[in-house]
Structures are given as C-alpha cells and as structure tokens.
Amino acid sequence: MAAHASVQARGTHARAQRHSTTSWAVPVTLGVILGWYATSIVRGGGVLTGTQLALGLVSGAVLAALCFGLGRVQMRLPAELAAAAYGALFGGSVGFLYSLSGKSVLAASVLGLLTGAGMLVFAFYYFYTRGD
C-alpha cells in the first residue's frame, strides 16, 4: 500500500543525527597535533618513554573532546560566549604547551592570556559578522 508523500521513510531520522566528517575530523586533527607537540616538547630529543607518550595521548584526547563539544554547541551560544569559549580553549592550550617547555607558570599564564585574548577578538569578529 502506498504511503502519503509527507511520511518519512524508516531510518531517515537516524541518518540525520549523524555528525558530519568535518565535525569530528577537525577536533581529532587538532588533538593529534597538540598531543604530538606536547610529547616532542617533553621528550626533548631523547628516547620516548611511556609517561611521555601517555601525556601526549591524554592531552590530545582532552583537546579533541573539548573541541568536539564546543563545535556541537557553538551555534546555540551567543557570539560573545562562543568567542570567549574559543579564546579560553586556545589560550589554555598554548599556555599548557608553553609550560611543558620548563618556563614559569607566570610566563605560561601570560602567554596563554595574550593568545586567548587574540583568539577571543578574532572569534568574536567572525561570529558577529556571520551570525543572525
């Protein structure tokens, strides 16, 4: 028996809920880059140990999860809050990587705040000019 034209076929709703390739590929790529860079900073040209590898894997996974989560909710946030979230994520990542090089906590915090403020300005401009 024929169905009405407005009735959805089975399984189409489940397919609509899948994430696009970009929504998970970009966070995974950023996580791999951060994890690799963190491992190479801590390694310092020496032999790779399990602790250094674990640091890189965990830090990369945390960044990937945070980026994925932020990407999922960014359109529901106002431009100011989304920009602040991206600034905090970027500044925290840069500050973390800088602290791994053996610099002081103050120097890492200042660099993280400066780069986070720069990302906040850029992200606010991006969301404000392309928002509704």
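**Close-up 1. Phe-127 is buried, with a relative accessibility of 14%.** Buried denotes under 20% relative accessible area, exposed over 50%, and partly exposed the range in between (1.4 Å probe, protein chains only). The model is predicted: local features need pLDDT of at least 70, side-chain atom pairs count only at pLDDT 80 or more, and totals for chains, interfaces and linings use all residues. Residues are numbered from 1 along each chain as its sequence is written, and side-chain values use heavy atoms, with hydrogens and water left out.

**Close-up 2. Four aromatic pairs occur in the structure.** In one of them, the rings of Phe-124 and Tyr-128 are stacked, with centres 5.4 Å apart and planes at 20°. Rings of Phe, Tyr and Trp (its six-membered ring) pair if their centres lie within 6.5 Å; planes under 30 degrees apart count as stacked, over 60 as edge-to-face and the rest as tilted. Both Phe-124 and Tyr-128 belong to helix 5 (residues 105-130), four residues apart; helices are DSSP runs of H or I with at least four residues, numbered from the N terminus. Phe-124 is partly exposed at 30%, whereas Tyr-128 is exposed at 59%.

**Close-up 3. Tyr-126 and Phe-127 form an edge-to-face aromatic pair.** Their ring centres are 5.6 Å apart, with 70° between the planes. Tyr-126 is partly exposed, at 40% relative accessible area. Together with Tyr-86, Tyr-126 and Phe-127 make up one aromatic cluster.

**Close-up 4. Gly-44 lies in the loop between helix 2 (21-43) and helix 3 (50-73).** Gly-44 is exposed, with a relative accessibility of 64%. Its C-alpha atom is 8.8 Å from that of Ser-101, 57 residues away along the chain.

How values were computed. Helix = DSSP H or I, 4+ residues; strand = E, 2+ residues; numbered from the N terminus.
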